[in-house]
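Here is a friendly briefing to read with the structure open beside you.

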Amino acid sequence: MTAAIQVNSVSKRYGSLVALDAIDLRVEPGEFFGLLGPNGAGKTTLISIIAGLVRASSGDIRIMGHDVVDDFRAARLSVGVVPQELAFDPFFTVRETLTFQSGYFGLRDNGAWLDEVLDNLGLTSRADTNTRALSGGMKRRLLVAQALVHKPPVIVLDEPTAGVDVELRQTLWQFVRRLNREGHTIVLTTHYLEEAQALCGRIAMLKGGRVIALDTTRALLSRLAGLQLTMRPRGTPPASVFAHRIDERDGVLTLRLANANDVARVLADCAAAGCEVEDLEVGQADLEDVFLQIMSDRPARRSGFVNA
Amino acid sequence: MSQAVLAPINSASSPAVAFRTLLAKEMLRFWKVSFQTIAAPVLTSVLYLLVFGQVLATHVEAFPGVSYVAFLIPGLVMMSVLQNAFANSSSSLIQSKIMGSLVFVLLPPFSHWQIFGAYVLASIVRGLAVGVGVFVVASAFGAPTFEAPLWILVFALAGSAMLGGLGIIAGIWADKFDQLAAFQNFVVMPATFLAGVFYSVHGLSPFWQAVSHLNPFFYMIDGFRYGFFAQSDVSPWISLGVVAAALFATSAVALHLLARGYKLRH
């Protein structure tokens, strides 16, 4: 099957700076795909090349089989991009903005779909408001709406929830999930790793312009087996407990443990040492832990703790 | 996960609709602030007419049998046409570059020809709108004749198209408002001002006559004025050749920059 996005050995250099270093990536139709990495990893550069806003130094990208340079018309009709930077045209109202954007894609009589987009993003009541008068969150919604005017099979969201309130995040994810169920391919970058964990079926992690991890979210999470235990000890826990320590601040101790037996053993050791335990919490490793482990150059944390 | 592949929208998308939408948006952009983009330049030109028309009327000899005010009006009209055509495409580009909203034009499937065409046409419309405004108001002070109206139209269209293209080049090149202002104040303003708006270059010394003949704006104004009086400093055909060459050159550069994505798709 034709890939939704096929990235072939794409590099981007700005003078001596290598923003992307021979990236290969394939996103299948219908996927909910996450693109994660620290600032400067190259996520936005990659998205900009997909969108046709930046030209690759070498390599090529196809969207639904269409080369983004040679066949830019079909490629750009196939993708909707929500840029990271909050931009708006101050001359127009929300509805005018969407009608123009729809027209730019060569579509007319698109009002029914535009109404649906407005409705789903909670913008209907602001349809006749000038974009200048919108709050930051509303401008962000409009930016999402503008990316969807041509009902693109591939939707790319570059940090759509940066600095927006909980309500918008929920509205947005509800809508994006629905679009994904209806067959739209979604590519998402975000710094909120819990969002990526909850939404994305597969994740690529970028660092220094390279893909350093690419796997299903489930497989990535299973890389960090074990449990994380936080507690507030009253007194000094014995050395056997401190051996599992990964963090300690404000009197709260965080331990990495292999399994439930370890939890029982830690509590027994504390009790034997006469150290009471408060605010006990046990949880699974989450994507943030995996992310930090993959991003750090040190050997995997797991070997340091679980096998200790 | 759904394996449904959405039907491509390509068949429903019309490049003609896309072009017309961009053109409409570029025109609506200046129309929504027409007090500033049309009324203000009309007022400026009328002030020139009042001041220079009064002060210079008895000192400057223009064409035989043509009053100075009548001579001045086509010059002021054409100067307004040119300056406003330039202002339209250049300010639209620099504003949307700085606001970040240019991305909304760069993301859709526009070709460089479509972007060029829409910005230049909108510049022509703005230039002509201001030109007509200046002419209508100025005519109250002494209406010039229309000896060869086709030339009027040809030079107004070619001149505003060339300045629209130049505005695209300047708008792409400038990263900041003051760079664009510098281009406007140090290139476009002097070139239009010194192109014989206020005088006939025949009254100048041979050196300054020669300098004026290097200025393409001189030919735009001279050819435009020929349409009113059937008199000019050089033949309108020569002027047409120079203006056509300048139009071709600026269009070629503007199209090349748009096609390469210079400073736009870096």
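The bend at a residue is the angle between two axes, one fitted to the seven residues that end there and the other to the seven that start there. With that in hand, look at helix α7 of chain B (residues 177-193), which has a kink of about 30° centred on Gln184(B). Please keep in mind that this is a predicted model.

**Helix α7 of chain B**
- Which residues of α7(B) are buried? They are Leu180(B), Phe183(B), Val188(B) and Thr192(B).
- The cover over these buried residues includes three helices of chain B: α3 (68-99), α6 (149-173) and α9 (216-229).

**Chain B as a whole**
- Taken along the principal axes, the C-alpha atoms of chain B fill a box of roughly 85 × 35 × 35 Å.
- Of the 266 residues in chain B, 47% are buried.
- Among contacts in chain B with a separation of 6 or more, 84% are between residues 24 or more positions apart.

**Phe104(B)**
- You will find Phe104(B) in helix α4 of chain B (residues 103-106).
- Is Phe104(B) buried or exposed? Phe104(B) is buried, because 21 other C-beta atoms lie within 10 Å and the cut-off for a buried residue is 20 or more.
- Leaving aside neighbours within four places in sequence, Phe104(B) is in contact with Asp89(A), Gln101(A) and Gln146(A).
- Leu49(B) is 55 residues away from Phe104(B) in sequence, and their C-alpha atoms are 41 Å apart in space.

**Where the two chains meet**
- The contact takes 37 residues from chain A and 33 residues from chain B.
- On the side of chain A that touches chain B, the elements giving two or more residues are α2 (72-78) and α3 (94-104) of chain A.
- The largest share of that side comes from α2(A), with 6 residues.
- By class, the side of chain A that touches chain B has 17 nonpolar, 11 polar and 9 charged residues.

**Nonpolar cores**
- The largest nonpolar core has 155 residues, and those with the most contacts inside it are Ile50(A) and Val156(A).
- Which helix gives the most to this core? That is α3(B), with 17 residues.
- Apart from neighbours within four places in sequence, the contacts of Val156(A) are Ile47(A), Ile50(A), Ala51(A), Val79(A), Val81(A), Val82(A) and Val187(A).
- A second, separate core has 7 residues, including Met231(A), Leu253(A), Leu255(A) and Cys270(A).

- Helix α1 of chain A (residues 43-51) is largely enclosed by the rest of the structure, because 9 of its 9 residues are buried.
- Among the buried residues of α1(A) are Lys43(A), Ile47(A), Ile50(A) and Ala51(A).
- Chain A is assigned domain 1 (5-221) and domain 2 (226-284).
- The C-alpha centres of domain 1 and domain 2 of chain A lie 42 Å apart.

How values were computed
Residues are numbered from 1 along each chain as its sequence is written. Chains are lettered from A and ligands numbered from 1 in the order in which they are written. This is a predicted model: local features need pLDDT of at least 70, side-chain atom pairs count only at pLDDT 80 or more; totals for chains, interfaces and linings use all residues. Helices (H or I, at least four residues) and strands (E, at least two) are DSSP runs, numbered from the N terminus. A residue is buried if 20 or more other C-beta atoms lie within 10 Å of its own, exposed if 12 or fewer, and partly exposed in between; C-beta atoms are placed from the backbone. Two residues are in contact if their C-beta atoms, placed from the backbone, lie within 7 Å. Ala, Val, Leu, Ile, Met, Phe, Trp, Tyr, Cys and Pro count as nonpolar, Asp, Glu, Lys and Arg as charged, and the others, Gly among them, as polar. Domain bounds come from an automatic or database domain assignment. A nonpolar core is a set of buried Ala, Val, Leu, Ile, Met, Phe, Trp, Tyr and Cys residues joined through C-beta atoms within 7 Å.
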